[in-house]
Amino acid sequence: DGGETFETITEGTPSSADVVRFCLAVSPDEPNWVYLLAGRSDDYGFEGLYRSTNSGESFTQRSNSPNIMSGSDDGSGSGGQAWYDIALAANPTNANQVFVGGVNVWRSNNGGSNWAILAHWVFPSFTGRYVHADIHGIEYIDGDLFCISDGGVFRSGNNGTNFSDLTPGIANSQFYKLGGSVSNENLILAGAQDNGVIR
């Protein structure tokens, strides 16, 4: 009813006490399918990927490994950052193709049952495909897949086989604090997220 009322769905979903954050995705290719990505509350790793085929009335877990929320390139790492970065998209023309963004970018071609890493956060990447870490958004726009991260915007025109950085040369920094010197008006110190102190 356009968001006027909501009901709690629990059939097949993890307990809310076990989850730090959820993401949802739907593909026009299968509009009755709803994907649900869950991050664990204890260590912020991968709780699971769930799918509903009845418009969200009930869900079935598709996978809970490897740990696609960790920073490792094979999903063997412990924990993750699901409290901070978690993103989910379903291909609009192939509902079985699902993408997850966290520290890295992962793809499933069978509805979330199996996963392959597409892009790694370390530059140069082990695969030659680099996307900056901490992905807060992943979605399709006009047939292209976009990843929005702490390090800029990346685009793939071939479902994640390759990514291009749309923001090269732009110094993306988030400053928590900065201070100016009382004795030297030209001296400023700033503390940047993950990048130390800049003078």
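Strand E11, which spans residues 152-156, pairs with strand E12 in the antiparallel sense, and the two are joined over two bridges. In this predicted model, phenylalanine 154 stands opposite aspartate 165, a residue of E12. Strands of a sheet pair through backbone hydrogen bonds, in either a parallel or an antiparallel manner.

The pairing of E11 with E12 belongs to an open sheet of four strands, whose order is E9-E10-E11-E12 and whose pairing is antiparallel. The edges of this sheet are formed by strand E9 (135-141) and strand E12 (164-165), each of which pairs on one side only.

| Salt bridge | Closest N and O atoms |
|---|---|
| Arginine 40 with aspartate 42 | 3.3 Å |
| Aspartate 43 with arginine 40 | 2.7 Å |

How exposed are the two aspartates? Aspartate 42 counts as exposed because its relative accessibility is 62%, and the cut-off for that class is over 50%. Aspartate 43, with a relative accessibility of 27%, counts as partly exposed, since this class lies between the limit for buried residues, under 20%, and the limit for exposed ones, over 50%. Through salt bridges that share partners, Arg40, Asp42 and Asp43 are joined into one network.

Notes
Residues are numbered from 1 along each chain as its sequence is written. This is a predicted model: local features need pLDDT of at least 70, side-chain atom pairs count only at pLDDT 80 or more; totals for chains, interfaces and linings use all residues. Side-chain values use heavy atoms; hydrogens and water are left out. Two strands pair if DSSP finds at least two bridges between them. A salt bridge is a side-chain nitrogen of Lys or Arg within 4 Å of a carboxyl oxygen of Asp or Glu. Buried means under 20% relative accessible area, exposed over 50%, partly exposed in between (1.4 Å probe, protein chains only).
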